[in-house]
Amino acid sequence: MRTNNHTRRHLTSTLAMMGAALSVSAAASSTCLATDFVTTKVASGLEAPMGITNAGMYPYVCVTEVPTPGINGDNGGRNRVIAINLADGGITELNAGEPYPVNLARASQHLFWTCKSAGVILHRLPDGTVEHLLDNLNAPSGIFTDGDMLYFTEVPFPGEKNPANRVLSFDGTTMTELVAGEPAPTDITMGSDGSLYWTCKTAGVIVRYDTAGHLTTVLEDLNSPTGIASDEMGHIYFTEVPTPGVNGDEGGFNKIWRYTIDSGMLDLVNEGDPEPTDVTVSPTGSFIAWTCTSAGVIKVARPL
């Protein structure tokens, strides 16, 4: 593993002064009740959008496009990280040429993302410089930062209870293993109680790891849960993608959900999209945005 010394200083000093962007509260058992949301398409014509995160300033989100997974720019790859204006669909390119940029996390003007095939985490500084934060990782996937620490997952053996599938933290100097042996810890977020929550795609669960190191299942019997995010109002948002590439009219049953942790209420945000890979949300929950990879679009839902 190689760590950039300049980036260490950012994580241990600059980011230490920044608060977490998103949060949820303690867990409870789930019930199910539909709530009305209005959904609109805000961007189209994208090339395999995957990860998405709130950019911290409405109406912008940051997104990864991965039309050529595993192929870097020197070999003809067209993968990139972009910012999208949800108001008009305008696109600004933030970085290009990485072989497999997957999920993103943000603290203030610092942006981080995992590059799965290269085994790295990259860091875009406020001045636009992009640096390697961590190298020699093993298929990094999900990522989250609370401004003090970086949390991420490695999934080299998806579907297996292999100790190489891990959830880790990084404080700018030391990388610490938190959990090992999960079959597919796909994406990760944090609650206001300091607990981590992640989707385990093949096991069909959402897992909670609290500040005491206790591991519990928050939701189970899910259908390929993939992306996950949280807001300051005590909600977790996640996607289910059991039928990637198949829309509802053709028999697909992919969904986006909102889970209220205190009450256990499970609200259906949207269903029928062909491949809602990742999800993000504003701090107050006023809008939920997600990538639809096979359709090449970004959609936004707002609660009525």
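I start with a working term: buried means under 20% relative accessible area, exposed over 50%, and partly exposed in between, with a 1.4 Å probe on protein chains only. The model is predicted, so I take local features at pLDDT of at least 70 and side-chain atom pairs only at pLDDT 80 or more, while totals for chains, interfaces and linings use all residues. Residues are numbered from 1 along each chain as its sequence is written, and side-chain values use heavy atoms, with hydrogens and water left out.

**Entry 1: strand E7 and its sheet**

I looked up E7 with that term in hand. Strands here (E, at least two residues) are DSSP runs numbered from the N terminus, as are helices (H or I, at least four residues). All the counting for E7 is quickly done: 7 of the 7 residues are buried, so E7 is largely enclosed by the rest of the structure.

Next I asked where E7 sits in its sheet. Two strands count as paired if DSSP finds at least two bridges between them. E7 belongs to an open sheet of 4 strands in the order E7-E8-E9-E10, with antiparallel pairing. E7 and strand E10 (130–134) are the edge strands, each pairing on one side only. From one strand to the next, the twist averages 30°; for such angles, axes are lines fitted to C-alpha atoms (for helices over the stretch in contact), and the angles run from 0 to 180 degrees between N-to-C directions.

I then walked along the pairs. E7 and E8 are antiparallel over 5 bridges, and alanine 105 stands opposite phenylalanine 112 in E8. The two strands form a hairpin with 2 residues between them, and serine 108 in the turn has a positive phi of about 50°. On to E9 (residues 120–124): E8 pairs with this strand over 5 bridges, again in the antiparallel sense. There, tryptophan 113 stands opposite leucine 122.

A reminder to myself: strands of a sheet pair through backbone hydrogen bonds, either parallel or antiparallel.

**Entry 2: another hairpin**

Which residue in the turn between E11 and E12 has a positive phi? I found glycine 147, at about 100°, in a hairpin with 4 residues between the strands. E11 (residues 140–145) is mostly covered, with 6 of its 6 residues buried. It is joined to E12 (residues 150–154) by 4 bridges, and the two run antiparallel. Isoleucine 143 has phenylalanine 152 in E12 as its bridge partner.

**Entry 3: the sheet with E2**

I also traced the open sheet E2-E25-E24-E23, which has 4 strands and antiparallel pairing. Its edge strands are E2 (37–43) and E23, each pairing on one side only. Neighbouring strands are turned by 25° against each other on average, direction ignored. E2 and E25 (residues 297–303) pair over 6 bridges in the antiparallel sense, and lysine 41 stands opposite lysine 299 in E25.

**Entry 4: pockets**

For pockets I used a 1 Å grid over the protein atoms alone: a pocket is an open set of points with protein on both sides within 12 Å along at least five of seven lines, a cavity is a set where a 1.4 Å probe fits but cannot get out, and lining residues have an atom within 4 Å of a point. Points are joined across faces, edges and corners, and a volume is the space filled by probe spheres set on them.

The largest pocket holds about 410 Å³ of space. Its lining has 22 residues, and those closest to the centre are Met50, Lys116, Thr186, Lys201 and Thr226. Strands E3 (49–54), E7 (101–107), E15 (185–190), E19 (225–230) and E23 (276–281) are the elements giving two or more residues to this lining. By class I get 8 nonpolar, 9 polar and 5 charged residues, where Ala, Val, Leu, Ile, Met, Phe, Trp, Tyr, Cys and Pro count as nonpolar, Asp, Glu, Lys and Arg as charged, and the others, Gly among them, as polar.

The second largest pocket has a volume of about 270 Å³. Of its 14 lining residues, Ala55, Cys62, Leu94, Gln109 and Arg124 are the closest to its centre. Strands E4 (60–65) and E8 (110–115) each supply at least two lining residues. The classes come to 9 nonpolar, 3 polar and 2 charged.

**Entry 5: cysteines and a loop leucine**

How many disulfides does a search of the whole structure find? I got 0, taking a disulfide as a pair of cysteine sulfur atoms within 2.5 Å. Cysteine 62 is buried at 8% relative accessible area, and cysteine 115 is buried at 0%.

Leucine 222 lies in the loop between E18 (215–219) and E19. Is leucine 222 buried or exposed? It counts as buried because its relative accessibility is 15%.
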